[in-house]
Amino acid sequence: MLDCGLDTTSVLNFLPLPLFFPSFQELKECAGRVFVDSQPEFCLPERELLDLSTIDVILISNYHCMMALPYITEHTGFTGTVYATEPTLQIGRLLMEELVKFMERVPKAQSATCWKNKEIQRMLPGPLKDAVDVWTWKRSYSMQEVNSALSKVQLVGYSQKVELFGAVQVSPLSSGYSLGSSNWIIQSHHEKVAYVSGSSLLTTHPQPMDQSSLKNSDVLILTGLTQMPTANPDGMLGEFCSNLAMTIRAGGNVLVPCYSSGVIYDLLECLYQFIESANLGTTPFYFISPVANSSLEFSQIFAEWLCHNKQSKVYLPEPPFPHAELIQTNKLKHYPSIHGDFSSEFRQPCVVFTGHPSLRFGDVVHFMELWGKSGLNTIIFTEPDFSYLDALAPYQPLAMKCVYCPIDTRLNFHQVSKLLKEVQPLHVVCPEQYTQPPLTQSHRSDLMLELQPPPMPYRRCSVLNLPFRRRYERVYILPELANSLVPSEIKPGVSMATVSAVLHSKDNKHTLQSVPKPPPVPPSKKRKRVMEEPPVVLAPKPLLSGAVPLEAFLATLQKHGITEVKVEETADGHILHLQADDTLIQLEEDGTHIVCDNNEPLRTTLRDLVLRFLQKL
Amino acid sequence: MPEIKVTPLGAGQDVGRSCILVSIGGKNIMLDCGMHMGYNDDRRFPDFSYITQNGRLTEFLDCVIISHFHLDHCGALPFMSEMVGYDGPIYMTHPTKAICPILLEDFRKITVDKKGETNFFTSQMIKDCMKKVVPLNLHQTVQVDDELEIKAYYAGHVLGAAMVQIKVGSESVVYTGDYNMTPDRHLGAAWIDKCRPDILISESTYATTIRDSKRCRERDFLKKVHESIERGGKVLIPVFALGRAQELCILLETFWERMNLKAPIYFSTGLTEKANHYYKLFITWTNQKIRKTFVQRNMFEFKHIKAFDRSYADNPGPMVVFATPGMLHAGQSLQIFKKWAGNEKNMVIMPGYCVQGTIGHKILNGQRKLEMEGRSTLDVKLQVEYMSFSAHADAKGIMQLIRMAEPRNMLLVHGEAVKMEFLKGKIEQEFSIDCHMPANGETATVTTNPSVPVDISLNLLKREMALGGPLPDPKKPRTMHGTLIMKENSLKLVSSEQALKELGLNEHQLRFTCRVQLQDPHSDPDTLNRIYTHLKSVLKGYTIQHLPDGTVMVESIVIKVSSSAEDTSTKVLLLSWSYQDEDLGSFLSTLLKKGLPSGLC
């Protein structure tokens, strides 16, 4: 299984988890849209298509793509192994922990189910009516399930070759998108599949993308392209800074709904450089999340997974990310939640980074309610996963200013086609969406993949056959056998040798051994019977090739005392009549026929003489 | 037969200046490039003239690999790369890359600035040398070139220490560097998979020691320190700035905390702060427990341990001082030692191995009068304690690693000859593998017997595996036949039929026909039937068919019956088979000549 992501856009259909409980109603209208008033639920990966207990291995490409792991590995009979890099595991754990804590903080007594009834759902307005597979939507997992799921993760490093059942080798490569993010190579000795997911060519904090190792793939599976193909991340970052500065100067507060790891590191670094020049030195920056501290600390210890610049800082030794300095100088403060220390230390105007970016749960809900009514304040969206209009819908009407600066550093179509030209896979497999322009911008033919041969598209639950022609497999000839082989040259540069061997296959590894010599027949009383035994070995003799030249053959016969030979020419060759023994040898270009009665010794002699002229295969 | 050659230039039957040359599959690799603490002359560095008498080493070496940052493993690196001349890649892990230049600079300062030596590498040379370093991640397979690949494993010992696997084709060597098989307070234990190298090159510092439990040693250490402090003595612990120092700091820190002690603990040189910072940033290289709790509490932020100033040495009252270097051969530890040596209340604890020639080695051997520079002598009155805290594998650990990696041959370095000899005997006895222990400049040669990788046609493989059945009988191995085609470096094993096709050869059919006369007074069809029944009973496990056109087929051998014209009870059997069925055909003709048994119906 390649990745295990969670579709969290489903939570947009739910009301925000508030800090106090209004009366219970399943559905609630809010600013012209209907929402479900219940604990938010997530749309899971397809679980019905196959038996999850038959999955041997899950490869994770980055920490955003593993959020559904507990749904797959727990209570399903799954017994396989999950492979991920260390930063992916650690930060993935933080994000899951954050999700669980957000949900546990404000538990809803009941969860709504009536609206899922097909009859009722059909009657509902808006996006709810069109939501798919609502019956499979699930509430958040528990921390216990997270721990159990993550205990199945086996850590791997970039370019580490991991053998799977002796049949294939998998290897993660840096994808440049986030800390520890990887693309995967899945290969056997003769076939190679590249799985490219969530990659970035921009220079941000992670190690640059490893492109050269993707070369010579038979199939390249492409996914995780940018969701904002028209938004330039650098431009967005500039806009983010200027809007932030403008709001603060005007005395307002800035709210940045974001994930606790990833782009936030870049935002903080950008602000680190920007603060002084924009005169924001005294403005407090707050990062509020149950995992804020851990996320900031963890980011500093993964030097091996960072870009070169950051790596060399560690050699000094200095922390790779400048947010360490922001914390030291008290410009950036982090809190597990708005309760406790934060409420007493909180000063305005300020900048708050907090989650969840869907605005449906987490501390961000509190700030929406606190600041939404004032036009001085600004909310700046940086995460591309959610439509900001949908995210804001339940909060309407809103006086707060909204700025949309989605920063998605993943590959855009232009970069992808350049990349594909570079690595030249034989076939490309990608989601159907990439093969046509986005629905809202149907004229933008530059916003799709155009390849020769055309990519093979897939959609949810479709089954694709990958175009492989597997013809060879690796086998190892043991030295003893190898030494006994007698090669002969067929034509210049091409030699051959016949091989008779015993094949041993174990764990999908094949070796060829010499045929063991049969144990010597014990000289027993049954000696007479030995003759009666049919040949035990069902070994077919080798095929023969070549032709038997008449003159040379006659000469050889003569040498062996067979002199009375009458040669008769036929349409296809010759017939040799060995008159003394009443034996015929029919010699033709592509065959020899020996007709010999009652004289086994002669027959075997003739056989061996003929064989001298032929090539054995 | 392919060979792997191993030649130590240093650390052959010795500890110090580790430098081992390996030739494998046409590649030459240098493992470690260290200095010897016991010498101040030419013998300090490995003898690189062994590689070439004149000029640079670049063309003779494919790569250099440094296992960890201790100077006896990397101290000669700038000399080798910048003064002898080597421009190829130098591999080391990230922590080693970070810390190594600092220790080299320290070493240079002591040698040049303090001892006034000239003709030594400069700061700039250290920088230039470090530019040639390629960082190595754990378990990452690094392709040095198309054929040579290396892979690092965790070795414990010190921060960033690695064992390396070097592989060319199916031949491989594992070099352990220094390693530790038991986790300690800040590092994990060495680990390697069952990679079955042709040679395992292991350190053997503690070849004959089997250490008691670590807990006992720690308790002993704390007791001694505590007693000394109680009676107002000063305790000197010579250490290297990184490694054991942190381990013992954690130990004392927790002890001070628990016992609520007030005596000051100092750590000499400005390196401490910096050193601890490295540990914080490379926390992923420490042990599980520290990694798990680092967000809440970083073990390398010490409360009780303060920076040392030279003037403190004369302060009255008890104190504990960690001072560098660890073998008392130079620097601050030696200065403090000289100051404190005269007082029997004081104590020096040597927590690690000391190389011959160092003062550390001398006092550990019970020497009580030391000759110092300038013909003065020093009376050693303070207590001398030795406590093995060096994170080396002991004899048990070395055996454990051999069990883990399952090497075909063993080679010992980094140890004393006598002790190696003992361990060698034990290894050869327990694992029945050859164990080598070459001296410096001596070459150990191991012939390898690599299997030949070949591409087998999937059709052939599948056919064979299907015929073999799901559970092949190991007593009755099936013989498989195929043709190996060798063409432009590619080796393909295909079925004979496919080989004919691929090589553009014609097939030559060799057939045999044999007439056998048989006395059988029955009609022709009856005779045939009798033959059929007879063969059925004799030939078990063969396909025998009675075909409607009046023939019997055994596998592909055709048998026909006709009566002779004059005597209908004399039958003539016609047997025809191809060369591929020669064995069976020959057997049948012989069998049928004997006639049919009378008991047949």
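This is a predicted model: local features need pLDDT of at least 70, side-chain atom pairs count only at pLDDT 80 or more; totals for chains, interfaces and linings use all residues.

Me: In which loop of chain A is A:Pro349 found?

Reply: A:Pro349 is joined to A:Gln348 by a cis peptide bond, for which omega is about -5°. As for its place in chain A, A:Pro349 is found in the loop between α11 (341–345) and β14 (351–354).

Me: Which residues of helix α9 of chain B are buried, and against which elements do they pack?

Reply: Helix α9 of chain B covers residues 331–340, and its buried residues are B:Gln332, B:Ser333, B:Leu334, B:Ile336, B:Phe337 and B:Trp340. The elements of chain B against which these buried residues pack are β12 (234–238), β15 (319–323), β16 (347–350), α10 (359–364), β17 (369–371) and β18 (377–379).

Me: Is B:Lys289 buried or exposed?

Reply: B:Lys289 is found in helix α8 (residues 288–293) of chain B, and its C-alpha atom is separated by 31 Å from that of B:Val348, which is 59 residues away along the chain. Exposed means a relative accessible area over 50%. With a relative accessible area of 63%, B:Lys289 is therefore exposed.

Me: Is A:Thr409 buried or exposed?

Reply: A:Thr409 lies in the loop between β16 (401–404) and α14 (413–423) of chain A. Leaving aside neighbours within four places in sequence, A:Thr409 is in contact with A:Tyr177, A:Ser199, A:Ser200, A:Leu202, A:Thr204 and A:Pro233. Because the relative accessibility of A:Thr409 is 10%, this residue counts as buried.

Me: What kind of aromatic pair do A:Phe14 and A:Trp115 form, and how far apart in sequence are the parts that the pair ties together?

Reply: The two ring centres are 6.3 Å apart and the planes make an angle of 85°, so with edge-to-face pairs taken as those over 60 degrees, A:Phe14 and A:Trp115 form an edge-to-face pair. A:Phe14 lies in the segment before β1 (27–30) of chain A, whereas A:Trp115 lies in the loop between α2 (86–105) and α3 (118–123) of chain A. Both A:Phe14 and A:Trp115 are buried. The pair therefore ties together parts whose separation in sequence is 101 residues.

Me: Which residue has a ring with the charged end of A:Arg603 over it?

Reply: A charged end over a ring also occurs within chain B, where that of B:Arg44 sits over the ring of B:Phe45, 5.5 Å from its centre. For A:Arg603, the charged end sits 4.9 Å from the centre of a ring in chain B, and that ring belongs to B:Phe512.

Me: What is the handedness of the crossing of α11(B) and α12(B)?

Reply: The axes of helix α11 (residues 395–405) and helix α12 (residues 417–431) of chain B come within 11 Å and cross at roughly 35°. The contact is made by B:Ala395, B:Ile398, B:Met399, B:Ile402 and B:Arg403 of α11(B), together with B:Leu423, B:Lys426, B:Ile427, B:Glu430 and B:Phe431 of α12(B). The crossing of α11(B) and α12(B) is right-handed.

Me: Is A:Asn330 buried or exposed?

Reply: A:Asn330 is found in the loop between α10 (323–328) and β13 (332–335) of chain A, and its phi is near 65°, a positive value in a residue other than glycine. Because its relative accessible area is 53%, A:Asn330 is exposed.

Me: How far apart are the end C-alpha atoms of residues 264–392 of chain A?

Reply: UniProt, in an unreviewed entry, places the feature "domain: Beta-Casp" at residues 264–392 of chain A. That span is 41% helix and 12% strand, and its end C-alpha atoms lie apart by 21 Å.

Technical notes: Residues are numbered from 1 along each chain as its sequence is written. Chains are lettered from A and ligands numbered from 1 in the order in which they are written. Side-chain values use heavy atoms; hydrogens and water are left out. Rings of Phe, Tyr and Trp (its six-membered ring) pair if their centres lie within 6.5 Å; planes under 30 degrees apart count as stacked, over 60 as edge-to-face and the rest as tilted. Helices (H or I, at least four residues) and strands (E, at least two) are DSSP runs, numbered from the N terminus. Buried means under 20% relative accessible area, exposed over 50%, partly exposed in between (1.4 Å probe, protein chains only). A charge sits over a ring if NZ of Lys or CZ of Arg is within 6 Å of the ring centre and within 35 degrees of the ring normal. Contact means heavy atoms within 4.5 Å. Axes are lines fitted to C-alpha atoms, for helices over the stretch in contact, and angles run from 0 to 180 degrees between N-to-C directions. A crossing is left-handed if the near helix is turned anticlockwise from the far one by less than a right angle, and right-handed if clockwise. UniProt positions are given in the numbering used here, feature names are shortened, and annotations may be inferred rather than shown by experiment.
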